[in-house]
Amino acid sequence: MSSLRPAVGDYLAMRRALGFKLTREETLLPRFADFIKDRGEQHVSIDVALAWAMVPAGSAGWWSSRLQIVRGFAAYMHAIDPVNEVPAPDLLPRPPHRATPYLYTSEQIDALIAAAGTLRTPHRVATMQTLLGLLAVTGMRIGEVVGLDHEDFDARNGCLLVRGAKFGKSRELALHPSTVTALQRYLRRADRPPRALATSALLLTMVGTRLSTKDVQRTFATLRHRAGIKNHSASCHPRLHDIRHSFAVATMLDAYHADVDVGRRLALLATYLGHVSPASTYWYLSAAPELMQLAAERLAHHTGARS
């Protein structure tokens with residue numbers, strides 16, 4: 001009985017050539033291929049796709065994610081041989097839920113950075129304070145921050161190069177002079193550990209290795225409790241990623257208060273955040289009542305001026 005594993009490899013290679021990272025697909029699709037082989041089958045069918053997607057105990061959202069991964073592979077196989085079936089989009093649909101963004105105040109960001117000062121060693125304090133500061137003033141994703149290399153920081157021109165971010169895109173971020181100074185100070189610390197072999201990371205652990213996203217998330221959970229930052233509601237609790245949302249909202253609030261071209265600012269913000277289109281950025285902003293009120297007031301003003 002032949003396996004579909006070679007086809008999985010070809011599929012992943014093709015998608016990666018288009019700029020997709022496919023970390024989860026790389027783990028799950030070989031297991032799906034083995035599942036098909038163990039059932040004595042040679043092709044993708046809707047029944048087997050559903051059976052595999054619902055094997056683990058879990059939420060409807062997890063089942064939907066597993067089937068979505070299979071659906072992409074099934075479409076690829078169907079193009080090669082129509083005997084392969086593609087699960088319809090309405091099978092195991094993703095539940096209509098998206099986390100409500102937690103918008104931090106500037107005082108809360110300061111409290112988080114102060115809480116990082118309670119960590120065990122001076123180097124760890126400096127690393128977490130630098131990381132939180134970068135998130136707050138650039139709106140980068142946490143994976144982008146821990147993925148920065150030393151050479152991605154250009155102090156002379158005051159910018160950071162974010163390589164291979166979401167959808168394989170890279171972008172250059174202009175930095176305020178105070179941010180450049182803070183990064184230089186961090187890199188010149190006397191207690192900065194020697195970098196581990198083959199590690200070129202900008203932010204380092206105490207043993208000279210690159211930070212891991214999971215460890216940063218765990219540390220953040222500790223810091224937010226020490227800073228006294230509590231849930232707004234059962235569906236709105238403080239996450240590290242929400243610092244990115246807060247940066248986006250603060251940027252647009254500044255545009256309204258300065259009475260500048262909001263549409264132009266939104267387009268620039270979308271580029272700075274690494275979004276494919278301003279539509280993605282708009283969702284970041286829709287959770288801010290103050291921002292929505294300012295938008296409504298500006299719309300009413302312009303509508304009244306034309307009437």
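Residues are numbered from 1 along each chain as its sequence is written, and side-chain values use heavy atoms, with hydrogens and water left out. Because the model is predicted, local features need pLDDT of at least 70 and side-chain atom pairs count only at pLDDT 80 or more, whereas totals for chains, interfaces and linings use all residues.

The chain has 13 helices and three strands, which are DSSP runs numbered from the N terminus (helices, H or I, at least four residues; strands, E, at least two). Of its 307 residues, 41% count as buried, where buried means under 20% relative accessible area, exposed over 50% and partly exposed in between, with a 1.4 Å probe and protein chains only. Among contacts (heavy atoms within 4.5 Å) with a separation of 6 or more, 58% are between residues 24 or more positions apart.

The largest nonpolar core contains 52 residues, and Leu131 and Leu132 have the most contacts inside it; such a core is a set of buried Ala, Val, Leu, Ile, Met, Phe, Trp, Tyr and Cys residues joined through side-chain atoms within 4.5 Å. Elements that each supply at least two residues of this core include helix 6 (122-138), strand 2 (159-162) and helix 10 (242-258). When neighbours within four places in sequence are left aside, Leu131 is in contact with Ile142, Val145, Val146, Leu203, Leu211 and Val216. A second, separate core of 24 residues includes Leu22, Phe32, Ala53 and Leu67.

Six aromatic pairs are found in a search of the whole structure; rings of Phe, Tyr and Trp (its six-membered ring) pair if their centres lie within 6.5 Å, with planes under 30 degrees apart counted as stacked, over 60 as edge-to-face and the rest as tilted. The pair of Tyr11 and Tyr76 is tilted, because the ring centres are 5.4 Å apart and the planes stand at 50°. This pair links distant parts of the chain, with Tyr11 in helix 1 (residues 5-17) and Tyr76 in helix 4 (residues 60-80), 65 residues apart. Tyr11 is buried at 3% relative accessibility, as is Tyr76 at 17%, and ring pairs join Tyr11, Phe73 and Tyr76 into a cluster.

A search of the whole structure for disulfides, defined as pairs of cysteine sulfur atoms within 2.5 Å, finds zero. Cys159 counts as buried at 7% relative accessibility, and Cys236 is buried with a relative accessible area of 6%.
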